[in-house]
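Please look over the structure below with its open spaces in mind. The report takes up the pockets and then turns to the chain as a whole.

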Amino acid sequence: APGPRSYTTLRDEAVKLFNSLQQLESERDPVPLMQGVLQTCLDLPPLVDEIYCQLVKQTTEPAAPGGQGDLHYWQLLTCMSCTFLPSPPVLRFLRFHLDRRVPAELPGAGASIGTESRFPASEMAEYACFIREALGKTKGRECVPSLEEILVLMRRQEMICTVHCPGAPACSVAISSHTTAEEVARELVSRLGLSQSPNLFALYEQSRRREQPVASATLLADVLTRFE
């Protein structure tokens, strides 16, 4: 459909995304490339399953487990898991990938264990655990993660959101990709000792162009992306 970005057929776009993933292996600064892949998936939802399947393939028996290219794939898979849910069949396949079997040549072959057991104390194990937890919380995003959020997700950390409060200094709140405006407002009300106040409180999104209340179910990560 007509829009700010020009797309061709789904097949062509899938090939372009595959080429982007290949480029990701050697990219020194993978963040803009990752955001571009996420934006294409947001604009063309049928490609979400395609990218999940491609990332599962790229993180299966990599030539250099734990190398830069392998970690970049796991990092993009982490960002995907915090932004989109795949279809139920692909979700089952993804969970199986995160809990895949040990190769036959390794001791204990045949026992179903996860990436944590196969690569103990490894970065891949940490990403697999993070992704499994994220998949249980992700409901879909209005915007793709900001560049800052992608950097934070690559380190499996939380973002720091600064909220300005009337009559009080600015408050810093740690948020994840799944934190809602209602959760942040509730935390700030508690911090400021206003839990017993009869007033109602809400977050407002303020810029040079507009000021408006943020709906309680809105993800703060989407608001920060709009600022970016």
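## The largest pocket

In this predicted model, the largest pocket holds about 680 Å³ of space. Its lining is made up of 25 residues, and those nearest the centre of the pocket are V163, H164, A202, L203 and Y204. Two or more lining residues come from each of strand 1 (159-165), helix 9 (181-191), strand 3 (204-206) and helix 10 (220-227), and strand 1 gives the most, with 5 residues.

Sorted by class, the lining of the largest pocket comprises 20 nonpolar residues, together with 3 polar and 2 charged ones.

## The second largest pocket

The second largest pocket has about 240 Å³ of space, and of the 14 residues that line it, K139, H178, T180, A217 and L219 are the closest to its centre. Its lining divides into 3 nonpolar, 6 polar and 5 charged residues.

## The chain as a whole

The protein chain contains 10 helices and 4 strands, and from the N terminus on, its elements follow the order α-α-α-α-α-α-α-α-β-β-α-β-β-α. Of the 228 residues in the chain, 44% are buried, while the chain exposes about 12700 Å², with carbon and sulfur atoms supplying 54% of that area.

When contacts between residues at least 6 apart in sequence are considered, 64% of them join residues at least 24 apart.

Technical notes
Residues numbered from 1 in each chain as written. Predicted model: local features only at pLDDT ≥ 70, side-chain atom pairs only at ≥ 80, totals over all residues. Heavy atoms only, no water. Buried < 20%, exposed > 50% of the residue type's maximum accessible area, 1.4 Å probe, protein only. Contact = heavy atoms within 4.5 Å. Areas by Shrake-Rupley, 256 points an atom, 1.4 Å probe, with all protein chains shown as cover. 1 Å grid on protein atoms, 1.4 Å probe; cavity = no way out; pocket = protein on both sides within 12 Å on 5 of 7 lines; lining within 4 Å. Points joined across faces, edges and corners; volume = space filled by probe spheres on them. Nonpolar A, V, L, I, M, F, W, Y, C, P; charged D, E, K, R; others polar.
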